Amino acid sequence: MDNSYDAIMARKNEIIKNAVGMDFDKFENPGIGFDYEKMMEATGYTIDEIRRVQSLFSIGNTPLIELKNLTELARKCAPEGKGARIFIKDEASNPSGSFKARRACTSVYQAKKLGYKGVVTATSGNYGAAVACCAAMAGLKCIVVQECYDSKGVGQPEIIEKARKCEALGAEVVQLTVGPELFSTVLQLLEETGYFNASLYTPFGIAGVETLGYEIAEQFRAKVGKDPDVVVCTNAGGGNLTGTARGLRKAGCKAKVIAASVNLSGLHMASDNQFNKKSFTTGHTGFGVPYTVNPDHSDVPRSAARPLRYMDRYVTVTQGSVFYITECLASLEGLEKGPAGNTSLAAAFRLAQDHDRDQCIVVQETEYTGAGKHINPQLSFARQNGIDIHFGDPKDEVPGKSIILPAHPSLIQVTDLDLDHMRKSRIKRAVGTHKDELTDEDIKFLVEETNTNEQFVRDAIASL
Amino acid sequence: MARKGDWVQIHNVVLPPEERSSALPEDTKINPLEMWVKGYLQEDAEIGEVAEVVTRTGRHAKGEVVKVNPYFEHNFGFFIPEVLEIGNTVRKITFGGDE
């Protein structure tokens with residue numbers, strides 16, 4: 001068999017069809033769109049069934065913790081009367097140490113049900129540990145493929161820790177140097193092993209995250225007696241936000257959903273030289289922005305993670321601010337967690353200062369921490385790589401050159417990304433060369449894709 | 001020298017530079033795509049020699065033997081004084097000073 005990059009990629013659709021047990025072609029509409037809800041329903045599981053499956057894996061029902069001291073700190077930085085209550089969903093309490101357990105569980109359960117002997121997943125993040133963890137419980141084999149090293153063989157400590165954890169949970173870890181060809185390696189492994197593709201982006205994965213949003217609504221109502229005003233989600237590939245927002249909606253919760261990513265603008269994600277100049281390997285704009293405007297460039301033909309459909313606002317925070325807030329969480333709340341999951345917490349800390357004191361903001365995840373995956377080793381690694389770390393104003397931070405720890409917590413800011421601009425980019429991407437052939441059904445698809453209205457979509461198309 | 005049955009790490013070039021994806025920045029394109037996996041060595045081999053391993057999932061994979069009994073060395077990093085300072089600062093603002 002021809003295993004060159006192009007040859008493997010040419011077999012992509014057939015390999016994925018065999019490896020997900022789902023024919024994505026049947027969701028395609030005649031024009032540019034596809035039936036997203038039909039694809040989501042094709043999992044065959046209701047949210048109640050997914051909750052039942054997750055409980056079999058001891059996943060979910062994680063604590064919702066009010067961060068009273070961090071709220072107090074935000075109030076000291078806020079104008080009179082401002083400073084919303086900040087809550088955090090302690091997803092690190094899941095078996096694999098992050099919300100990703102929810103995302104992995106449904107895929108692994110489905111793989112087991114369909115008779116696959118193992119699962120393969122492409123991830124350098126917490127998802128690998130989640131798949132390995134669920135596969136261990138289900139008695140399936142597991143291969144995790146990571147982008148881990150630069151061309152000098154230097155690995156990001158955060159990713160190496162995840163390799164360790166995957167191995168500890170019984171997985172085989174395949175480690176690669178920098179490059180998007182990771183996906184062709186995954187396809188080749190799927191073909192070789194006949195395992196299930198536990199992709200981050202299948203409907204199974206995203207449906208698994210819906211329980212997180214649903215639980216937030218339920219727990220919040222029980223604890224506070226109302227719905228939260230805002231839910232902040234760290235955004236990378238978009239699945240976290242998509243699943244959470246869908247779950248909130250299923251629970252009838254109208255909280256605003258705000259996406260937050262670490263600002264890594266200026267760094268190229270496929271750059272060998274810059275790979276170890278970034279101090280965050282996920283939750284950053286390098287994934288968050290492209291996956292928002294073009295969700296369908298993952299390892300499945302149509303991604304179930306479509307964050308633009310659900311986000312009300314998209315903000316960025318700096319690396320230094322996230323490290324800072326991670327230390328605040330330890331020092332003020334006694335909760336030592338991994339930094340990447342605290343991206344949304346840094347945003348929430350600032351957003352709280354714009355909201356009234358009786359309003360409530362939920363940060364919907366924490367992640368486990370450990371060697372390599374912790375504020376101290378990540379700052380240490382950055383310093384070793386020549387990154388200038390100092391106290392100052394985070395707005396002066398230059399990704400890849402400096403990490404500026406706020407000289408005072410009031411200096412933590414959020415920067416809004418232009419959502420309308422991203423919506424127009426999404427439309428441009430989806431329309432491609434079909435501008436003159438668009439049907440009413442296509443327009444309806446674009447309205448849903450961008451969470452806008454017909455006028456917005458028609459204006460955007462006219463300006464192409 | 002690695003012995004048959006040893007747990008080893010092997011290294012492979014998956015794609016030489018000329019066979020890599022065209023959509024890569026220059027600094028990445030000049031390098032091959034490399035891969036490391038671990039498994040039980042199937043025959044005695046010198047370090048640097050190509051040999052076959054059987055991985056945790058039972059896959060047979062071939063590559064240059066690079067390490068015998070590979071282990072993780074990542075840790076909590078060097079002392080970062082700023083981390084202590086953050087804690088001190090925010091505790092003081094939130095809870096007040098010693099007085």
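This report walks through a predicted model, from the whole of chain A down to one residue and out to chain B.

**Overall build**

Chain A holds 18 helices and 13 strands. Its radius of gyration is 21 Å, close to the 23 Å that the globule rule gives for 464 residues, so chain A is as compact as a globular protein of that length. Along the principal axes, the C-alpha atoms of chain A fill a box of roughly 65 × 50 × 45 Å. Of the 464 residues in chain A, 62% are buried.

Strands of a sheet pair through backbone hydrogen bonds, either parallel or antiparallel. In chain A, 7 strands form an open sheet with mixed pairing. Their order is β1-β2-β10-β7-β8-β9-β13. The edge strands are β1 (64-66) and β13 (415-416) of chain A, and each pairs on one side only.

One pair shows the detail. Strands β8 (residues 256-262) and β9 (residues 313-317) of chain A run parallel and share 5 bridges. Within this pair, A:Ile258 has A:Arg313 of β9(A) as its bridge partner.

**Helices around the sheet**

Helix α11 (residues 239-250) of chain A packs on the sheet, where it touches β7 and β8 of chain A. The direction of α11 makes about 155 degrees with that of β7(A). Helix α10 (residues 203-224) of chain A lies across β1, β2, β7 and β10 of chain A. Its angle to β1(A) is about 45 degrees.

Now zoom in on A:Gly213, which sits in helix α10 of chain A. Is A:Gly213 buried or exposed? The cut-off for buried is 20 or more other C-beta atoms within 10 Å. A:Gly213 has 31 other C-beta atoms within 10 Å, so A:Gly213 is buried. Leaving aside residues up to four places away in sequence, A:Gly213 touches A:Gly243, A:Thr244, A:Ala245, A:Arg246, A:Gly247, A:Leu248 and A:Ala251.

Helix α14 (residues 343-352) of chain A is mostly covered, with 10 of its 10 residues buried. Among them are A:Leu345, A:Phe349 and A:Arg350.

**Two packed helices**

Two packed helices are described by the angle between their axes and the distance between the axes. For α5(A) and α13(A), the angle is about 115 degrees and the axes are 8 Å apart. Their crossing is right-handed. From α5(A), A:Asn69, A:Leu70 and A:Leu73 meet A:Cys328, A:Leu329, A:Leu332 and A:Glu333 of α13(A). By class, this contact has 5 nonpolar, 1 polar and 1 charged residues.

**Where chain A meets chain B**

How many residues does the contact take from each chain? Chain A gives 50 residues and chain B gives 34 residues. The elements that give two or more residues to the chain A side include α5, α13 and α15 of chain A. The largest share, 6 residues, comes from α15(A).

| Class, side of chain A that touches chain B | Number |
|---|---|
| Nonpolar | 23 residues |
| Polar | 18 residues |

β5(A) and strand β2 (residues 33-41) of chain B pair in the antiparallel sense over 2 bridges. There, A:Leu176 has B:Met35 of β2(B) as its bridge partner.

Note on methods:
Residues numbered from 1 in each chain as written. Chains lettered and ligands numbered in written order. Predicted model: local features only at pLDDT ≥ 70, side-chain atom pairs only at ≥ 80, totals over all residues. Pairing = 2+ DSSP bridges. Helix = DSSP H or I, 4+ residues; strand = E, 2+ residues; numbered from the N terminus. Contact = placed C-beta atoms within 7 Å. Axes fitted to C-alpha atoms, helices over the stretch in contact; angles between N-to-C directions. Buried ≥ 20, exposed ≤ 12 C-beta atoms within 10 Å, placed from the backbone. Nonpolar A, V, L, I, M, F, W, Y, C, P; charged D, E, K, R; others polar. Left-handed = near helix turned anticlockwise from the far one by under 90°. Rg over C-alpha atoms; globule rule 2.2 N^0.38 Å.
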